[in-house]
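Dear colleague,

I am handing over the structure below, followed by notes on what was found in it. Please read the notes alongside the coordinates.

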Amino acid sequence: MIPAKTDPISITPIREKGVESILDWFDQHKHSFYTLGWSYLRNQQEMEELFYRSIIKVHKELPRFKRETSFETWVTSIFIHACRELSDNRSLQASEESEPRQDLFKALDQLKVSEREAVFLTYVKGIPQEEAALLLQVSVEKLKELLFSGIQSLRKEMGYGTPFNGCREYHKDYIDYLERTLDRSKKIDLEIHIFHCQDCQEDLAAFQDVMLTMSTLYERLEDLPVPSNLIDNVKARLGEKEGLRQQKNKKRKRMGIVLASVFAILIGIEVFTGVFTNVYYTWTEEDQELRAFLQQDLGERLNLEAESDGVKIKIKTAIADDVQTVVFYEIEDTGEDNQYVIESQEGVSVENEHEIMIHETYPRYYPPDLKSEENNKEKNVYQGKIGLLPLKLDNGTIKLKITKLQKLSRDSSDRNGLRAYENMEDKTGEWNFEIPVTKKPSIEYALNQETEVVGIPVRFDKLIIAPTATILQYAISNEQPGKRIEVLNFDNLEVNNKKVKADMYGGSFMDSQQDMNWTTLKTHFDPFIGEKPKDVTVQFESVNLTFEDPKTIELDASKKYPQTFKYAGSTISIDKLEVGQPAIIVISNHETKNRAYEALNFNIVGEDENEPSSMEMNSEGVLVDKNGVEYGNDAIVPYDKIEQPRYFLTVQSMELRGNNTGEKVIPKRLEIYGYNTTKYLDDVVKISLK
């Protein structure tokens, strides 16, 4: 584990002696760094390259080293950057690995770079979260997000089967709960919830198993031998450094002359096209959204191309702001009639992500656009976009690497494009791009306005107009007894009489501790491109509510079932109650017309006030539209085509297990805390801009 205190070795001699002293320092710490590097590369030749690059970088950056962190922590951060530069081009030698370590490393290799680093440093190396966050240049909260998503992916790669199905609002607490650092109130709330949520039980158990597996990996890495000639080979390469440096300087001078000539030509082109920008892009760009960006000088046409195995990817442009970086692309299958899309969560990496991008936020998710005119013209061409993280600096070059595409599966009988997502096939290859980007500014407007939604105060705090998105930051009061808003959905914002739709994937919580009586959130809308906003109105769509309405139902297995009871204006049936190991309870309500609730919040209490140790739950339900038409689970209907859809649970089957396998579980009470429901809104609120 990297020490948190100041490195006991004096930095002054290292600065005075230069590369030789740094080389000696690496020789003393080679085992720790070799182990870390092995998690990325596991190839002897590349490990030598890794140490060589790291030593050169430390020597170059040494004058800027400050004592705010330990020297070893600072060197480790540089070492990690070098690992990332080399890792995507590595050639793994599986023969050098032994089972089960090979399987673990293979699973780690499938993670995003940022996730792999977070998991390895925290659970394999055992570095405290605060220091791991410092090394990765992210906040502790962001580190926890990376740990969660990394373990979520590892669960799948290590053969745990189904993905996480638990409740999203509790995901953020898993790590602190298992590490016993979760606040007591949150711990109690999580344990109560897990008790009667089978999905969360399975998620948490698998999550813990993966964490423990990762922790045991480092014990086996301690025996990893460091080649005796590693440092000697690096030292030999360093001896040639001065000659290579002089050759590179001469080459840079020649390249500078060529680039200056090219730059003069580009300046002339820019002067010409700048005069006729709107007309030029109207003639040449079919994508209306991209055309609007180009006309407003928010991006430039790039047309970077790369081809692999008969599939050509063209990067048309990239639009960067403080929110995200959006890359517009076109994919052409030159050999067959296939359409491919880029999935931003898999097969895409930014090799210099840590150097040029901010990790405090998530980019917007853009699903495949199957209905656009451009994507229905040709069977072998697809145009789309992906969201990447925002830039740290005003200018930069994104080193984008794509290794996997997904093929859309269209069916002539599938008018709505629903089957395009089913059984997607992967197309592997390698497409590399260096994308120049310039970050465009955003404009923030402070708001100070309140309204009420179903009697609950909602406060508007901030409006952000960015080139790639319009963001509304707001807060919901959580002081009202008896009910609370779980989710508030927006339909659109109207800015200067132009409507921008809300992004169904763009809502998120914000970590705001300014007022504990308010929950702060933000919602993304489509970008607003035009004049300075004057008149802004917000149109609500729906709200998901939780009502507190406690009721206790006594259970008696000696009675005949079904038994019914009244709750929230409905008649609910207990269809089955069986004592055993497990005990079985089935609750149903098939009536949906005028039903107040969509789902119940409840718990089962056993004999002697003991709760069962676990509860598995299966449920059935129906989707109901505004007019009361029901759509069963087997109905193939696009969700966005159903007017005001609501999902009602109709049957809930539970299996209750106790701590002792030989003892029967005897359910004694059904304790209902309340229920959830959705209400659709037509409220329109005018917002005053400061």
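Ile-672 counts as buried because its relative accessibility is 2%, where buried means under 20% relative accessible area, exposed over 50% and partly exposed in between, computed with a 1.4 Å probe on protein chains only. Please keep in mind that this is a predicted model, in which local features need pLDDT of at least 70 and side-chain atom pairs count only at pLDDT 80 or more, while totals for chains, interfaces and linings use all residues. Residues are numbered from 1 along each chain as its sequence is written, and side-chain values use heavy atoms, with hydrogens and water left out.

Ile-672 sits in strand β24, which spans residues 667-680; strands (E, at least two residues) and helices (H or I, at least four) are DSSP runs, numbered from the N terminus. Setting aside neighbours within four places in sequence, Ile-672 has contacts, meaning heavy atoms within 4.5 Å, with Asp-549, Pro-550, Lys-551, Phe-565, Tyr-567, Leu-600, Asn-601 and Phe-602. For Asn-601, the C-alpha to C-alpha distance to Ile-672 is 5.9 Å, although the two are 71 residues apart in sequence.

Turning to charged pairs, the structure holds 19 salt bridges, a salt bridge being a side-chain nitrogen of Lys or Arg within 4 Å of a carboxyl oxygen of Asp or Glu. One of them pairs Asp-503 with Arg-364, with 2.9 Å between the closest N and O atoms. This pair links distant parts of the chain, 139 residues apart, since Asp-503 lies in the loop between β13 (498-501) and β14 (508-509) and Arg-364 in the loop between α18 (353-356) and β6 (381-388). Asp-503 is buried at 8% relative accessibility, and Arg-364 is buried at 12%.

Arg-364 also meets Asp-526 in a salt bridge, at 3.0 Å from N to O. Asp-526 lies in the loop between β15 (518-525) and β16 (536-554), and Arg-364 in the loop between α18 and β6, so this pair ties together parts that are 162 residues apart in sequence. Asp-526 is partly exposed, with a relative accessible area of 27%.

A further salt bridge joins the side chains of Arg-646 and Glu-598 (2.7 Å, N to O). Here Arg-646 belongs to strand β23 (residues 646-657) and Glu-598 to the loop between β19 (583-588) and β20 (599-606), which places the partners 48 residues apart. Glu-598 is buried, its relative accessible area being 8%. Through shared partners, salt bridges join Arg-364, Asp-503 and Asp-526 into one network.
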